[in-house]
Amino acid sequence: MSKRPTILIVDDEPFNVDYLEQELDDLEYDTISAANGQQALEQVATHAPDMLLLDIMMPVMDGFQVLAHLKADARWRDIPVVIISAMSDMDSVVRGIKLGAEDYLPKPFNEILLRARLSAGLAKKRQRDQEVEYLRQV
């Protein structure tokens, strides 16, 4: 990824989206956003982001449903997803990880943890993209 990575922020709370957009801009990431799960899937199809920060509790389609759709589609299953949620019960965290999320980031956000999750997820995506390109060439 030679360009700035693009992160899709999926959250129905405008304050959270604004906060994350500012943080990610400071970290030199491009952002796009969606206020619900259906919009998130549309943004993924249109923009193919490098990573998703995905809230769980949203209208129209919740984060678990979005995650299931992404991981079921070969075009999108390698996009790393970090769940961002105020839901901190272990069942929700485990369910998200079982559905294919890379990690979980609790709200309110810790800036150091946010940076670490982004860095790890994007490094994994970069490595997977290189693998796919190599396999395509051989």
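The axes themselves are lines fitted to C-alpha atoms, for helices over the stretch in contact, with angles from 0 to 180 degrees between N-to-C directions.

**Ground rules.** I am working on a predicted model, where local features need pLDDT of at least 70 and side-chain atom pairs count only at pLDDT 80 or more, while totals for chains, interfaces and linings use all residues. Numbering starts from 1 along each chain as its sequence is written, and side-chain values use heavy atoms, with hydrogens and water left out. Helices (H or I, at least four residues) and strands (E, at least two) are DSSP runs numbered from the N terminus.

**Entry 1, α1 and α5.** I looked up α1 (residues 14–26) against α5 (residues 111–137): their axes come within 12 Å and cross at roughly 65°. That is why I call them roughly perpendicular. Y19, L20, E23 and L24 of α1 make the contact with E111, L114 and L118 of α5 (contact means heavy atoms within 4.5 Å). I sorted these residues into five nonpolar, no polar and two charged. Here Ala, Val, Leu, Ile, Met, Phe, Trp, Tyr, Cys and Pro count as nonpolar, Asp, Glu, Lys and Arg as charged, and the others, Gly among them, as polar.

From α2, G37, A40, L41 and V44 meet V66, H69 and L70 of α3. The residues split into five nonpolar, two polar and no charged.

A nonpolar core is a set of buried Ala, Val, Leu, Ile, Met, Phe, Trp, Tyr and Cys residues joined through side-chain atoms within 4.5 Å. Buried means under 20% relative accessible area, exposed over 50%, partly exposed in between (1.4 Å probe, protein chains only). The largest core has 23 residues, and L8, V10, V44, L52, L54, V66 and L70 touch the most other members. At least two residues each come from β1, β2, α2, β3, α3 and β4; α3 gives the most, four. I found another core apart from this one, with 15 residues including V17, L105, F109 and L114.

I placed S92 in α4 (residues 90–99). S92 counts as buried because its relative accessibility is 10%. Not counting residues up to four places away in sequence, S92 touches F64 and M87.

Note on methods. Parallel < 35°, antiparallel > 145°, perpendicular 65-115°, else oblique.
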